[in-house]
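Here is a short report on selected contacts in one model.

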Amino acid sequence: MDEQAMITRDLVLRVCANATEFDPGWTQADRKIVVPFTAPRDTALIARIVAAGQALGVDRLLLCRTRAEYAYEPVTEVRPDVAGVVQVIRGWGDEPTDLLVAAEDFSAAVLVTATDLTVAAGPVDFLRPLIGPDTAEARTRFGEEARDQRDPELLGAAQRYGCLEQGARHARSPRGPGADIAERLAVRVRTVREKRPGAVAGFRAVRGAWGWAMLAALLLAPVMVPGLSPLLPVVIGVLWLLTQMAWLARSRTVGFATLVRVLLLGALMLWPIALAEGALAALVGAEPGGWVAATYIAVPVEEIGKLVPLVIVRLLARRRFRRLAAVDYLLLAAASGAGFQLAEESLRAVSVASAGAVLPADFGLFTLFPGATQVADTGVYFSGHGVTTALIGAALGLAVVGWRGYGAWLWLLPVAAVWVAGVEHMVFNAAAGGTEPTAVTGVAHALVGGGVATRWILLVLLVAAVLTDYALARPAADGAPPLPGEPPLAGARRWAYGRAIRSGVRVPGDIAPLFRRMALAWVRLPVGLAQTCSAVLHEFAVMLVAARSGFPALATAWRYLRERRAYAMGAARAGDKPWRRFPVRDDLSRTGRDLESALGIGTATATAVAMAAGWLMVAHPWPVHGAVDGTAYAAAVLGDVTRWYGGVPASDRAWVWVALVAVASLLGSGWAVPDRHPSMGEFLREPARGAGRFLGAFAPGQVAYAAAGLVGAVLPRGTARLLRPRA
């Protein structure tokens, strides 16, 4: 043990408001989680405190008494060892006193009062050895204990640290914003499922049968009308693009079914966008097929129009929109842009007009963010509407979600993203129409990578969005139920914490604030990376073990993980403001307990869809049509396809509408994770009813979920060891 130059007064003034309370300013810095609890004053409590320090990888702990009469005593440094801490406390005498144990960099501390009250503050890894994995439950228990005992000190601590607001028995449900349209609809659907299961089962069976009929019609339509042959490959291609992004977006809170519906909405936007382009061209007197209409009119109209589905989602689910993660903005924008690309690419491929030479989009199975296309003569590259709109959505999500924590400068990202997407789009449209860009536009196009670099910029923004989401939601995750099992990578997290603490105390305090913040951000970077990797791997472990336990457990795990992330993100974005808890924590906790029981203690939705999309792309590769002539904007494409439709024989036109209805039907429903899972025993006992249940659970968009469940069935038994039981 060594003595530091710091005296008790200096340490207490940094951390505490008085001898038995933490300073609110200190707890709010770095968004520390504060949990009061009661514990006997014995070596078991000291052992828990030492274990908490060891979880942070500290080399030494700071120990002092907090009462005013000890203000000028030196702070004692002690190694995280039970015997050493006990020796220091015994050296103070037999009289009970208030004491403080803190990490060197003041990132975590435990305040032990002379009574049974103990208050811990710090990251989740520090709190876990002290109060268990569920910090919200520990706070609720303390609030109930304070209310039952009617102890003024405990009641004061419960009110001070907000423990009476999270479900104490005397507390009413906290008032917050009312439900939006989407939530009311979800509640009504759930009520119908519970009260009328027979009607719901029948509806699902009809939906499944309709979906398979539409898939058969979509496969048959190109046989009857050969010009429709590019339609199915483009549909599969944009789904594969969306699948890639959804799989990489590990912090997403929106379901894949929602993304597919937004994709359909984006496809339907082609018609109003084309009308707006034609109206503006007529208003300014521009030639409909000229370079002005293709560049200065089409580009801004299309980039704005592709974001209209996000506005519609905002209107229908305004409460849910305020709980979105940064990657959710990326995914919703990508779905809208991919839908517009689906409509434009399909119509251009089937119409074969003559105004330029645009190659078919590349939806390669092993291509990162597929959908790019080129102008055949000049080689001008366009990364695709799905990618460019996702770029804008990613920048917007980072700004909306992260500006409070990382500064208002993040609002420059959407401006830069719009500029990159607009320049790339404008140069491509000009080249497709046979127009050379100006020197300034050419230089700007070269600066943004000529379109080739856009998908890599998007990948960087996607990773940044995931890191931002986990960093923002981590302190608020104490309100969400814990995942089953112990988090992995405990050693990596301990090393990262220890390195950050040892390096952080060496950063001078008298340097410029900007340089100090930069230095501290650098030393804390490994902590964020380790925590994010641990959270992602923990979710993967839960999904793999759930897959091994059966398809019902796997489906429950998918829903639980997504809803848990949404709950944590909602709490993080709301801060101290009232927010709409949907689903409520009790329901989420019940689902978590059921899941833990099913597991005996990812591979997310996008992964399941990836399996089906990948197989279909291998079995039905993009047909080679050569160059597709046609200017690359909505109004011209719509005119081309109108002329093409006029040339289709009247007897075959019905098949064109059948194909359109089939695409809309397949994208509009049947992509959600099934909540009812038929068994073979039910089918053998009641074949007719069992067949209906199978149709209801395995619509075309849901087959991939079943495939993932079959893969889980062949996983080795040792998969269960991926989740270590909690200590």
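## A stacked pair

Phe-382 is buried, at 4% relative accessibility. Buried means under 20% relative accessible area, exposed over 50%, and partly exposed in between, with a 1.4 Å probe and protein chains only. Phe-428 is also buried, at 2%. The ring centres of Phe-382 and Phe-428 lie 5.0 Å apart and the planes meet at 20°, so this pair is stacked. Rings of Phe, Tyr and Trp (its six-membered ring) pair if their centres lie within 6.5 Å; planes under 30 degrees apart count as stacked, over 60 as edge-to-face and the rest as tilted.

The pair links distant parts of the chain, 46 residues apart: Phe-382 is in strand β11 (residues 381-382) and Phe-428 in helix α18 (residues 412-432). Helices (H or I, at least four residues) and strands (E, at least two) are DSSP runs, numbered from the N terminus.

## Basis of the model

This is a predicted model: local features need pLDDT of at least 70, side-chain atom pairs count only at pLDDT 80 or more, and totals for chains, interfaces and linings use all residues. Residues are numbered from 1 along each chain as its sequence is written, and side-chain values use heavy atoms, leaving out hydrogens and water.

## Other aromatic contacts

The count comes to nine aromatic pairs. One of them, Phe-321 with Tyr-329, is edge-to-face: 5.4 Å centre to centre, 80° between the planes. Phe-321 is buried at 12% relative accessibility. Tyr-329 is buried at 4%. Phe-551, Trp-558 and Tyr-705 form one aromatic cluster.

The charged end of Arg-65 is over the ring of Tyr-70, 3.8 Å from its centre. Arg-653 lies over the face of Tyr-645, at 5.0 Å from the ring centre. The rule requires NZ of Lys or CZ of Arg within 6 Å of the ring centre and within 35 degrees of the ring normal.

## Cysteines

Cys-16 is buried, with a relative accessible area of 5%. Cys-533 is partly exposed, at 41%.

## Strands β5 and β6

Strands β5 (residues 61-65) and β6 run antiparallel, joined by three bridges. Two strands pair if DSSP finds at least two bridges between them. Leu-62 stands opposite Glu-77 in β6. Strand β6 (residues 74-78) is mostly covered, with four of its five residues buried.
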